[in-house]
Amino acid sequence: KRLPNNLLSFLNTRGSELSSIRDLYYENDYIYISVLEAKNNKSYLNILRASKNFDKLNFEIFFENQEYIDGNFNLQTGGRITGYKPDEILFSVGFANDYKAPQNLNSIFGKIISINKDSKDFKIISTGHRNPQGLFFSKEKNLVINTEHGPMGGDEVNLNFINNDGKINNFGWPISSYGEPYPQQDKTFFDKNGYLKKSHTDYGFQEPLKYFIPSIGISEVTYSNNNLYVSSLRAESIYILELSSNYEIKNEKRLKFQSRIRDLKYISEDDVFLILFEN
């Protein structure tokens, strides 16, 4: 059923236009969407929320990001939303081509954050991210799993165990990555700034659970019964990573399809996967 909504008219009242929708998440009779708003040649990654209503969805601002991206920029912005604690959700924010931001705790770019549903206050869960496109939280393990696009190579699967000491785990971008600059990029820029080192641990960062060379166009991730299911765009596949009790990969399988896979959800009650193919 196609639901009428106020999305475009609401953005118009804010003096902005819809650049793109990055994700949709439903929880407790609320629909959340992450959107890139274009306004005065700037782009803002925000979250809108509407109460469930099968007659019309009326969106309003849930989380407003004060940082902006110059121009109408749609790449490397993240924008994935998923559940977290009873009063919080998780939100991934890409680095938006700002190489200083992921290692700057005063910037929201290159981070995974939690947002309180009532106060709308946020806190940083992890940093050093490039473009996190997959996001999953295991309540049982108190574990945040994310997948993110590397540059030319270096797509990552990352594990972040949440503890109570307040430590913010850093996954290294752009200082550490197993990828390389694209051919059209100036390699001396990366060398001069000390970017794209291969090791993560040598520089005090968290190593990825797995990285892919060449890139697979990594997208969504989900987790069930010690198995990670990682979907891909470029490789048109789902990778099944079986984890040991100490969270090392002990077996890996690949299911090949004939289409790019944008989204992947596991419905535990029915033991089925929902897959969104993209032509």
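A salt bridge here is a side-chain nitrogen of Lys or Arg within 4 Å of a carboxyl oxygen of Asp or Glu. Lysine 256 and glutamate 236 form such a pair, with their closest N and O atoms 3.1 Å apart. The model is predicted. By the salt-bridge rule, the count comes to 16. The largest nonpolar core holds 20 residues, and a second, separate core holds 17.

**Salt bridges**

- Side chains of opposite charge can pair when their charged atoms come close.
- Lysine 256 sits in strand 18 (residues 249-256), while glutamate 236 sits in the loop between strand 16 (227-232) and strand 17 (237-243), so the bridge ties together parts 20 residues apart in sequence.
- Lysine 256 counts as partly exposed because its relative accessibility is 45%.
- Glutamate 236 is at 21%, so it also counts as partly exposed.
- Glutamate 37 forms a salt bridge with arginine 14, and the closest N and O atoms are 3.1 Å apart.
- This pair links distant parts of the chain, 23 residues apart: glutamate 37 is in strand 2, and arginine 14 is in the loop between helix 1 and strand 1 (17-27).
- Glutamate 37 counts as buried because its relative accessibility is 3%, and the cut-off for buried is under 20%.
- Arginine 14 has a relative accessible area of 21%, so it is partly exposed.
- Glutamate 220 and arginine 80 meet through their side chains in a salt bridge of 3.4 Å, N to O.
- The pair of glutamate 220 and arginine 80 spans 140 residues, linking strand 15 (residues 218-224) with strand 6 (residues 78-83).
- Glutamate 220 and arginine 80 are both buried.
- Arg80 and Glu220 also belong to a network of salt bridges that links them with Asp23, Asp263 and Lys265.

**Nonpolar cores**

- In soluble globular proteins, nonpolar side chains tend to be buried together.
- Neighbours within four places in sequence aside, isoleucine 115 is in contact with Ile47, Phe62, Phe63, Asp87, Glu88, Ile89, Phe91, Lys120, Asp121 and Phe122.
- The second core includes Phe212, Leu228, Tyr239 and Leu241.

- Seven of the seven residues of strand 15 are buried, so the strand is largely enclosed by the rest of the structure.
- Strand 15 pairs with strand 16 in the antiparallel sense, over five bridges.
- Across this pairing, threonine 222 stands opposite tyrosine 229 in strand 16.
- The hairpin of strand 15 and strand 16 has two residues between the strands, and asparagine 225 takes a positive phi near 50°.

- Strand 19 (residues 260-267) and strand 20 (residues 272-278) run antiparallel, joined by seven bridges.
- Isoleucine 261 has phenylalanine 277 in strand 20 as its bridge partner.
- Four residues lie between strand 19 and strand 20 in this hairpin.
- Aspartate 271, in the turn, has a positive phi of about 55°.

**Leucine 143**

- Leucine 143 lies in strand 11 (residues 143-148).
- Leucine 143 counts as buried because its relative accessibility is 0%.
- Apart from neighbours within four places in sequence, leucine 143 is in contact with Phe136, Phe137, Ser138, Leu159, Asn160, Phe161 and Tyr247.
- Leucine 143 and lysine 198 are 55 residues apart in sequence, and their C-alpha atoms are 25 Å apart in space.

**Surface patch**

- Leu8, Leu18 and Ile21 form a nonpolar patch on the surface.
- Together, these three residues have about 270 Å² of accessible area.
- Leucine 8 lies in helix 1 (residues 7-13).
- Leucine 8 counts as exposed because its relative accessibility is 58%, and the cut-off for exposed is over 50%.

Methods: Residues numbered from 1 in each chain as written. Predicted model: local features only at pLDDT ≥ 70, side-chain atom pairs only at ≥ 80, totals over all residues. Heavy atoms only, no water. Core = buried A, V, L, I, M, F, W, Y, C linked by side-chain atoms within 4.5 Å. Buried < 20%, exposed > 50% of the residue type's maximum accessible area, 1.4 Å probe, protein only. Contact = heavy atoms within 4.5 Å. Patch = residues over 30% accessible without salt bridge, like charges linked within 9 Å, V, L, I, M, F, W, Y side chains within 5 Å. Areas by Shrake-Rupley, 256 points an atom, 1.4 Å probe, with all protein chains shown as cover. Pairing = 2+ DSSP bridges.
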